[in-house]
Amino acid sequence: MPPLRAVPPSAGRPYAEQAGGERAEAVPAEHYARLARIAYLVLAPSLGRNRRVVSAHWLTQRALAAGQGPEPGQAYAYVRLRVLRLALEAGLPLLRFARPRRAQFPPLVPQVWGLRLFPHSCGADELALEQALAEVSAPCRAAHVLRGLEGLDDAEVCRVLDAVGVGDPRASLLEADGLTAPHALLSSPEFDPCSLQVRPADPARRRRRGRTLLAGAGALLVCGTLLLMPGDGLGGPSAASAPLYARHRTAQQALDPSALHRVPDGLWRTSARRDFSVWPTRGDRTGDTGLLRRALAAWARPGPAVASSATPGTPDGPPMGPPQLLYAGEVGPASVVLFHDGLRVVRYAEPRNADPSRGAALDFARVDGADAVATGALVAQRRDGRIRYLTAPWVREVGVRDLLAPRGPARPLSRDRHGVTDPLTGPGTESEGGADCRSWQALELRDGSAARLMTDLGELTPVRLTSGAPSAPHDVSGRAERESWARTACLLPAVRSNGVRSVNSWPYAKQRLPEGAGEALWFCTRADTWRGTGSRVLAQFQAPPELSGGARAPGAVAARSEDSPDCGVRRPRVLAGVLWKSDGGRWYVLAAGSRQFASLTASGGVRGRADGRLLTLPAAEGDRPRLAGLLTDGSRAGSLH
């Protein structure tokens, strides 16, 4: 249970990746050696010093070339974030059924043939630190480097680790406490990948590898010859094997622009369903055969120039048959095509002039089971922190509402004749770089029956925001619900890019604070995904605004869980607690459960019991009690974790 006064997870710190990619080249060249040292220290020592050296340079160069970053004053922090993220990815294990990441494989460049590179050896202290780093986790090494080499305090270290995707930054800090070597050793030449010694590699081993490569090349040549023979080299027309996929009849139909399924305008008015299947084909380039053919070919066989992404749990394979064409047209500086195949929405984007040297983008999002609300809009373009949406034909009005200004009205957002909106500032970003989550722009769609709040979380489909008990969530309406979302919005990056379909925030308890400090609210915020698994639950504690930084200050995350049925339809209950400090300097354990709890108990560092679903106990700084409760049906349950 983190203290309330601790900094909550940030939604838009300078370290968040949405801060940019616009001016990373502003990082002075003299910082290269420092960034390479960070990468070298975070990489696993088990890789060996030669590969760590080469990988450290490769990761640093990738980070510097990853597009443009924030303002020059923040450019170093942004590139350092990229270096840390790539170094942590390089240490992830290769799993059988998970998509591998490029950083997990040996680097392509730089390469030095016939030589081995390693930093200068120093003393016994450096050797002891090297051995200690080999025995801890990569997030622990990152925390130690940020503390000792970068001089960041613990709160700042937590924010950086959270931004690079470390699941439990505080656990990494606690693990780093066990590294007792002086921080000054991190600046030793022992860990400098830019000051190197050179030794020859094993010539005999190199000759063996050369012979193996020649044999492999010969085998590939033979296989290629067989594939080019009549009948695909598989025994002629009578062979049992079917032709290659790209020449299969169904596959050829899927790649034919004339076979695309096109829905006429107005069909949705008489259809028994409202979802993507009745979206009309729209856009000013629906007849551009060349554009559609390139989009279908990239979907079926994406080449190296195609940057592809998919939400978790979304297959990114080729179409199984001719898909439905939703949109083809020009959006900003790009030509965009949107498809729907019943399971997925697929977005293809290329430069307007179709210059192949500038590449293309291909994005996949799972949308099976989508209803009229979930199909209200799709992201048509995301560029420079601004988003354009393609709205459903039944959407009558589109507005923008700042979640962090709950008393302000929604402002209108214009659309063109095809349903594409004007650019909207992305959530949690600002014109100056988006560091402090001072606004959260959400889309408000009106279809004649209700106003729906949707927000972007980095995927093709915007996420629906709701309020209310898990058994009956409803669209956000009224001042109280908007004010609660004003303190919840900046916690949404905790569920970003996770294939989220909807986020519901439920006020499950109200508690009077000790020493007459007012009343606090307890909320359970649950993010459900399209795929069903991977849901994330946050229990948050919202103290009165005057005690916690104002009406826009995010609530304190008291507990979090993944793939838990708590706070959902299957198990609509939750129990969580925080360690809270009063203005008088005294500490208390505060806990609250939902209506299913008849009594609460605390054990461990703080012991006590309370009838009902609220608990307040005196405590000391640093206490970490265990919470449990007796349910009204007589069974026991623990806290969210």
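Predicted model: local features only at pLDDT ≥ 70, side-chain atom pairs only at ≥ 80, totals over all residues.
Visitor: How many helices and strands does the chain have?

Guide: There are 13 helices and 27 strands in the chain. Helices (H or I, at least four residues) and strands (E, at least two) are DSSP runs, numbered from the N terminus.

Visitor: And what share of the residues is buried?

Guide: Of the 641 residues in the chain, 48% are buried. Buried means under 20% relative accessible area, exposed means over 50%, and partly exposed lies in between, using a 1.4 Å probe and protein chains only.

Visitor: What about contacts between residues 24 or more positions apart?

Guide: Such pairs account for 66% of the contacts in the chain with a separation of 6 or more. Contact means heavy atoms within 4.5 Å.

Visitor: Which residues have the most contacts inside the largest nonpolar core?

Guide: They are Ile38, Val42 and Leu84, in a core of 46 residues. A nonpolar core is a set of buried Ala, Val, Leu, Ile, Met, Phe, Trp, Tyr and Cys residues joined through side-chain atoms within 4.5 Å.

Visitor: Which elements give two or more residues to that core?

Guide: They are α1 (32-42), α2 (49-64), α3 (72-90), α4 (124-134), α5 (138-148), α6 and α7. The most comes from α3, which gives 10 residues.

Visitor: What does Val42 touch, leaving aside its neighbours within four places in sequence?

Guide: With those neighbours set aside, Val42 is in contact with Leu84, Ala87, Leu88, Ala138, Arg141, Ala142 and Val145. A second, separate core of 36 residues includes Trp268, Val278, Val345 and Met454.

Visitor: Back to helices: how do α1 and α5 pack?

Guide: Two packed helices are described by the angle between their axes and the distance between the axes. For α1 and α5, the angle is about 145 degrees and the axes are 8 Å apart. Axes are lines fitted to C-alpha atoms, for helices over the stretch in contact, and angles run from 0 to 180 degrees between N-to-C directions.

Visitor: Which residues make that contact?

Guide: Ile38, Leu41 and Val42 of α1 meet Ala138, Arg141, Ala142 and Val145 of α5. By class, the residues of this contact are six nonpolar, no polar and one charged. Here Ala, Val, Leu, Ile, Met, Phe, Trp, Tyr, Cys and Pro count as nonpolar, Asp, Glu, Lys and Arg as charged, and the others, Gly among them, as polar.

Visitor: What about α6 and α7, at what angle do they pack?

Guide: Helix α6 (residues 154-163) packs with helix α7 (residues 169-176) at an angle of about 125 degrees, with axes 9 Å apart. That angle makes α6 oblique to α7. Angles under 35 degrees count as roughly parallel, over 145 as roughly antiparallel, 65 to 115 as roughly perpendicular and the rest as oblique.

Visitor: Which residues form the contact there?

Guide: The α6 side has Asp154, Val157, Cys158, Leu161 and Asp162, and the α7 side has Pro169, Arg170, Ser172 and Leu173. The contact has five nonpolar, one polar and three charged residues. Within α6, Glu156, Val157, Cys158, Arg159, Val160 and Leu161 are buried.

Visitor: Changing topic, where is Cys524, and is it buried or exposed?

Guide: Cys524 lies in strand β18 and is buried, with a relative accessible area of 0%. Leaving aside neighbours within four places in sequence, Cys524 is in contact with Asn504, Ser505, Trp506, Tyr508, Val537, Leu538, Cys567 and Val574.

Visitor: Which phi value does Ser497 have?

Guide: Ser497 has a positive phi of about 55 degrees although it is not a glycine. Ser497 is in the loop between α12 (479-486) and β17 (500-512), and it counts as partly exposed at 42% relative accessibility.

Visitor: And Glu515?

Guide: Glu515, also a residue other than glycine, has a positive phi near 60 degrees. Glu515 is in the loop between β17 and β18 (519-529) and is partly exposed, with a relative accessible area of 40%.

Methods
Residues numbered from 1 in each chain as written. Heavy atoms only, no water.
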